[in-house]
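This report covers a single protein model, with the sequence and coordinates shown below. The sections go from local detail to whole-chain totals.

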Amino acid sequence: FNDDADNIQFLHFLEYTQTDDFQILAYCLMGNHAHLLIRTSKNSIEALETGMKSLCIRYAAYYNRKYERIGTLFQDRYKSQPVTTVGYFLRVLRYIHNNPVAAGITDTMADYPWSSYRDYFATRSTCICKVHTEYAMQIKTHDELLQWHTKTEINTRGILDVDNSKKHLSDEEVKKLIFQLVDCQPCELRLMPDEKQASVFAALYYEES
């Protein structure tokens, strides 16, 4: 991204790519790369691949046309990693928003216009790409999430640190707690409405905190 217009165009394409099976939970554009936190349909890699392919093709075509170049724009296929727990989701969310601060581009997350931080904390005047903030807001309140972003658990290499001091539930403890909360087995949890899943994940997260 060479200028503001490039950032805006990428976000336009990102918004256009969104479907019920490909939702943006967070983003940060960082000059020569971007971080995206994407929620896809359950157990679906196809939705992720389809969405990312569409996004990359559209932006590469725009970029090549604007700068009168040919050939590939992205070095390799995008790197992806599943986010499977609420605790990890919250750390990834904060890590993405903290990138400009860690890189020395801005002093605070709120100063940077090309991340979804402002979407979460209602400080963006114009929305270019809708960010689905409701999932995180079901886990923590607005004030709790804001406070969470002020914590520092990111090392100097930009890799998320693991807090080994926290209690980690055993598989049996997780099963027992899920059964107490919703009277079902873990394998049945994914069949429940998203809101119900989020409430269970939040309870598990606080139990481990």
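## Thr 133 and its contacts

Leaving aside neighbours within four places in sequence, Thr 133 is in contact with Asp 119 and Tyr 120, where contact means heavy atoms within 4.5 Å. Thr 133 sits in the loop between helix H4 (117–120) and H5. Helices (H or I, at least four residues) and strands (E, at least two) are DSSP runs, numbered from the N terminus. With a relative accessible area of 17%, Thr 133 is buried; buried means under 20% relative accessible area, exposed over 50%, and partly exposed in between (1.4 Å probe, protein chains only).

## Basis of the model

The model is predicted: local features need pLDDT of at least 70, side-chain atom pairs count only at pLDDT 80 or more, and totals for chains, interfaces and linings use all residues. Residues are numbered from 1 along each chain as its sequence is written, and side-chain values use heavy atoms, with hydrogens and water left out.

## Helix H1

Helix H1 (residues 4–17) has 14 residues, and at 1.5 Å a residue it should span 20 Å; the expected span is 1.5 Å times one less than the number of residues. The end C-alpha atoms of H1 are 20 Å apart, which agrees. The buried residues of H1 are Asp 6, Asn 7, Phe 10, Leu 11, Phe 13, Leu 14 and Thr 17. They cover an arc of only 160 degrees around the axis, so they lie on the same side of H1; the arc is that of the directions from the helix axis to the C-beta atoms.

These buried residues pack against strand S1 (22–29), strand S2 (34–40) and helix H2 (45–67). The N-terminal end of H1 is capped by Asp 3, which has a side-chain oxygen 3.2 Å from the backbone nitrogen of Ala 5. Such a polar contact is a pair of N or O atoms within 3.5 Å; within protein, one must be able to donate a hydrogen and the other to accept it, and residues adjacent in sequence count only if both atoms are side-chain atoms.

Arg 94 lies in helix H3 (residues 86–102) and counts as buried, at 1% relative accessibility. The side chain of Arg 94 reaches the backbone oxygen of Trp 148 at 3.0 Å.

Ile 139 belongs to helix H5 (residues 134–139) and is buried, with a relative accessible area of 4%. Ile 139 and Gly 87 are 52 residues apart along the chain, and their C-alpha atoms are separated by 9.9 Å.

## Glu 68

Most residues other than glycine have a negative phi. Glu 68 has a positive phi, near 50 degrees. Glu 68 is found in the loop between H2 and H3 and is exposed, with a relative accessible area of 75%.

## Cysteines

The whole structure has zero disulfides, a disulfide being a pair of cysteine sulfur atoms within 2.5 Å. For Cys 127, the closest cysteine sulfur is that of Cys 129 at 6.8 Å, too far for a bond. Cys 28 is buried, with a relative accessible area of 0%.

## Whole-chain totals

The protein has nine helices and two strands, in the sequence pattern α-β-β-α-α-α-α-α-α-α-α. Of the 209 residues, 40% are buried. Among contacts between residues at least 6 apart in sequence, 61% join residues at least 24 apart.

The accessible surface comes to about 12,400 Å², and 51% of this belongs to carbon and sulfur atoms. Accessible areas come from the Shrake-Rupley method with a 1.4 Å probe; for residues, only the protein chains shown count as cover.
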